[in-house]
Amino acid sequence: MSVSLDIRLKRANKVYHEGERVSGVLVISSRDALQHQGVSLSMDGLVNLQLSSKSVGVFEAFYNSVKPIQLVSSNMEVVKPGKIPAGRTEIPFEFPLQAKGNKVLYETYHGVFVNIQYTLRCDMRRPLLAKDLSKTCEFMLHCQPQKSKLQPNPVDFTITPETLQNVKERSSLPRFLIRGHLDATSCAVTRPLTGELLLESSEVAIKSIELQLVRVETCGCAEGYARDATEIQNIQIAEGDVCRGLSIPIYMVFPRLFTCPTLETTNFKVEFEVNIVIVLHDDHLITENFPLKLVRV
């Protein structure tokens with residue numbers, strides 16, 4: 001017997017804000033009449049924290065505080081035990097999107113060591129020999145936009161052998177001069193990061209110029225913190241030995257789900273940085289780092 005269970009939300013983009021109602025329909029399709037022992041629907045919002053392999057064993061006490069943090073939890077029985085007729089049956093549902101107790105609802109974010117996820121799960125219990133059915137559907141939560149206007153704070157930068165840090169033998173570095181600016185380091189998460197870069201001079205050939213977006217995730221407790229930086233995306237903005245004195249535009253769109261407004265709580269932090277990476281012909285890397293503050297406006 002072919003039976004399918006589906007969760008359809010009313011909003012096509014599946015984006016909700018705190019205080020709104022998450023509504024939609026459960027769709028049950030069956031060729032024959034269907035005996036069941038109840039259909040239930042639950043809504044959960046969880047923050048999952050994970051330690052990177054290099055930090056495991058360093059923080060013994062961390063395992064107590066690394067339990068998932070529950071932000072939202074609601075449960076309802078949609079249909080009492082009985083029979084569902086053959087064909088397609090639609091059952092409407094609605095959940096208020098409210099935080100549990102004094103918790104705060106954080107924005108949906110898919111990271112490596114921090115994951116903030118909101119899901120709906122429908123379960124249909126079936127009689128003994130039939131297999132129970134379940135379906136899960138993720139929806140996105142966006143935090144309320146901040147009221148204050150975003151102040152542009154342009155950042156000018158100059159990269160030369162003298163400005164580089166973590167260099168062992170400065171004298172062996174080739175001479176180069178790179179100037180440029182970022183239009184802002186406090187950025188709206190829905191707008192691109194923009195700026196420009198100018199290679200004024202270089203003794204050696206350039207192989208590539210790249211923009212790297214990095215997430216910095218910090219998980220911790222009173223004993224200490226584990227801070228890990230991982231790449232989200234890498235965009236090449238120039239290839240080959242670029243013309244000297246030519247302005248190269250910097251333009252990067254922040255990917256949805258993998259970025260969120262900068263977040264700082266007692267147990268974890270999610271921050272973002274951008275690296276401008278110049279790859280020389282012999283594959284030497286020159287990197288300039290800029291911390292970013294992402295907000296929703």
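**View 1. An open sheet of three strands, ordered S1-S3-S8, pairs up antiparallel.** Keep in mind that this is a predicted model. Going from one strand to the next, the twist averages 20 degrees.

**View 2. Here we zoom in on strand S3 (residues 21–30) and its partner S8, which run antiparallel.** Ten bridges join S3 to S8. For a landmark, pick out Ser 29, which stands opposite Arg 88 in S8. As background, strands of a sheet pair through backbone hydrogen bonds, either parallel or antiparallel.

**View 3. Now for the largest pocket, with a volume of about 450 Å³.** It is lined by 17 residues, and the closest to the pocket centre are Leu 164, Gln 165, Asn 166, Val 167 and Leu 285. Strand S21 (residues 285–295) gives the largest share of the lining, with five residues. Sorted by class, the lining of this pocket has eight nonpolar residues, seven polar ones and two charged ones.

**View 4. Last stop, the cysteines: the structure holds zero disulfides.** A disulfide would need two cysteine sulfur atoms within 2.5 Å. For Cys 122, the closest cysteine sulfur belongs to Cys 137 and is 11 Å away, so that gap is too far for a bond. Cys 122 also counts as buried, at 0% relative accessibility. Cys 219 is buried too, with a relative accessible area of 2%.

Methods: Residues are numbered from 1 along each chain as its sequence is written. This is a predicted model: local features need pLDDT of at least 70, side-chain atom pairs count only at pLDDT 80 or more; totals for chains, interfaces and linings use all residues. Side-chain values use heavy atoms; hydrogens and water are left out. Buried means under 20% relative accessible area, exposed over 50%, partly exposed in between (1.4 Å probe, protein chains only). Two strands pair if DSSP finds at least two bridges between them. Helices (H or I, at least four residues) and strands (E, at least two) are DSSP runs, numbered from the N terminus. Axes are lines fitted to C-alpha atoms, for helices over the stretch in contact, and angles run from 0 to 180 degrees between N-to-C directions. On a 1 Å grid over the protein atoms alone, a cavity is a set of points where a 1.4 Å probe fits but cannot get out, and a pocket is an open set with protein on both sides within 12 Å along at least five of seven lines; lining residues have an atom within 4 Å of a point. Grid points are joined across faces, edges and corners, and a volume is the space filled by probe spheres set on the points. Ala, Val, Leu, Ile, Met, Phe, Trp, Tyr, Cys and Pro count as nonpolar, Asp, Glu, Lys and Arg as charged, and the others, Gly among them, as polar.
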